[in-house]
Amino acid sequence: MTMKKNTWLKDRKLKVLIIGATGMLGHRVALEFLKDGEEEIELILWGGNRNILAMDFFNEQGYVKSVLPTCLIDTSEVDLLLGVVNPDVIINCAGIIKQKQGNDIKTMRDMVRLNTDLPLQLAEFVMDRECTLYNFSSDCVFSGRKAGFYKDDEPDSPSLYGRTKAIAEMASLKRNKIKTIRTSFIGYELSGNVSLLEWLLSNKGESIFGYNQAIWTGVTTAYIARFLMEEIRNSGKYISQYHKGVCNLAAQPISKFDLLNMVVDALNLNIEIKPCYTFIEDKTCNRALLPQHLFKWNAPSWDDGDCEGELLRDIVDEYKIYQEWRETE
Ligand SMILES: NC(=O)c1ccc[n+]([C@@H]2O[C@H](COP(=O)([O-])OP(=O)(O)OC[C@H]3O[C@@H](n4cnc5c(N)ncnc54)[C@H](OP(=O)(O)O)[C@@H]3O)[C@@H](O)[C@H]2O)c1
């Protein structure tokens, strides 16, 4: 697939900066661009502590790519580096997710900085330049007390994580250079077991609970990577008019119990998933995002009747790559 001609680019490549390229989402998005975009895209990667791991991973996949370690807490360092890179497109995959939230004041401040202040700093940067920004938000901006949230519904989460993400969403409202992709996802990580999928994989041979009343509309990191690739190929430095503001990138709803069972079956894992119907704060809720029509990007599914849905296929297709990576890590 070739990129739409950007006359303003003349003969140079589109400069895409991925921030948080060591994370679950960021490294997978970077991989997509390495696989498919190198001829037309100059890729710059900033990461956190796992930068060496990420470089080793890209190397194993056949790509020599450096990941610059950055301290995103430091606003002046970020401004300085942005000025040096001068990107055409910024994809901000950095953040502090709720599983990594601590109760001490320092981590609360870091969460506010990474999830709210950094996206706003990036927004300010792009507003004065020929540059566009993609930020990621979460279904956690909603409390989950009612089922089904439209993109324009008012965020009502009482949690610190939800609030930090909700404020950052406001940067993209009515501004056509900033896109907020509100979503939820699972995928493989370079290290650690905090995400749902890695936590599941760390429970081989065990018996665990799956929450029947946690209704979820998340996608895969691979799906988001494809979405971004197509979006940027089609619109280059511009945000396509269909995708302005906040967009809900969501799948057909599924319960966490069904999701875990499906993954266990598809990967042939020896794990028993026991149903859990009791109310547990944050585990029995429905934060289903109602997807909007995005070109051909209709809500994908985990289960297509008798066969695997597109999303389950992502998990199956990448299992071996990450298993091997984890064994050498
Ligand atoms: N996970 C989900 O289900 C989900 C759902 C919806 C939205 N989101 C949003 O999507 C984004 C990515 O999430 P994820 O699950 O991929 O998170 P993740 O795996 O924890 O990755 C976060 C990234 O941010 C970097 N980072 C964090 N603090 C940093 C700091 N002080 N300095 C430099 N880098 C720092 C991390 O670097 P190192 O770890 O290498 O240090 C990593 O590259 C976040 O904005 C998150 O809120 C996540």
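These are my notes from looking through one predicted model.

**Overview**

I looked up burial next: of the 329 residues, 42% count as buried. For contacts with a separation of 6 or more, I noted that 78% join residues 24 or more positions apart.

Then I checked confidence. The average pLDDT is 89, and 90% of the residues score at least 70. Strand β7 (residues 185-186) has the highest confidence, at 98, while strand β15 (residues 307-308) has the lowest, at a mean of 76. A reminder to myself: where pLDDT is low, the predicted coordinates should not be read in detail.

**The sheet**

I traced an open sheet of 7 strands, and its order is β3-β2-β1-β4-β5-β6-β11, with parallel pairing. Which strands stand at the edges? They are β3 (68-69) and β11; each has a single partner strand, so one side of each is left without a neighbour in the sheet.

**Strand β6**

Is it buried or exposed? I found 6 of the 6 residues buried, so β6 is largely enclosed by the rest of the structure. I178, T180 and R182 point one way, K179, I181 and T183 point the other way, and all are buried.

Next I went through its partners. Strand β5 (residues 132-138) runs parallel to β6, and 6 bridges join them. I wrote down two of the pairs: L133 has I178 as its bridge partner, and S138 has T183. To get from β5 to β6 the chain passes through helix α5 (residues 160-169), and this β-α-β crossover is right-handed.

Strand β11 (residues 245-248) also pairs with β6 in the parallel sense, over 4 bridges. Here I noted that the bridge partner of T180 is V246.

**Helix α5**

I stayed with the crossover helix. α5 is mostly covered, with 7 of its 10 residues buried. The buried ones I listed are Y161, G162, T164, K165, A166, A168 and E169. What covers them? I found that the cover includes α4 (105-127), β5, β6 and β11. β6 and β11 also turned up above as a parallel pair.

**Around the ligand**

I counted 27 residues surrounding the ligand, and T22, G23, G48, R50 and G95 are the closest. The elements giving two or more residues to this shell are α1 (24-36) and β5. Which element has the largest share? It is α1, with 3 residues.

Last, I looked at a single position. P275 lies in strand β13 (residues 272-276). Why does P275 count as partly exposed? It has 13 C-beta neighbours inside 10 Å, and a residue needs 20 or more to be buried and 12 or fewer to be exposed.

I also checked what P275 meets from elsewhere in the sequence. Leaving out residues up to four places away, P275 touches G210, N212 and F257. Y211 is 64 residues from P275 in sequence, yet their C-alpha atoms are 6.2 Å apart in space.

Conventions: Residues numbered from 1 in each chain as written. Predicted model: local features only at pLDDT ≥ 70, side-chain atom pairs only at ≥ 80, totals over all residues. Pairing = 2+ DSSP bridges. Right-handed = clockwise from strand over helix to strand, strands pointing away. Near = placed C-beta within 6 Å. Contact = placed C-beta atoms within 7 Å. pLDDT = per-residue confidence, 0-100.
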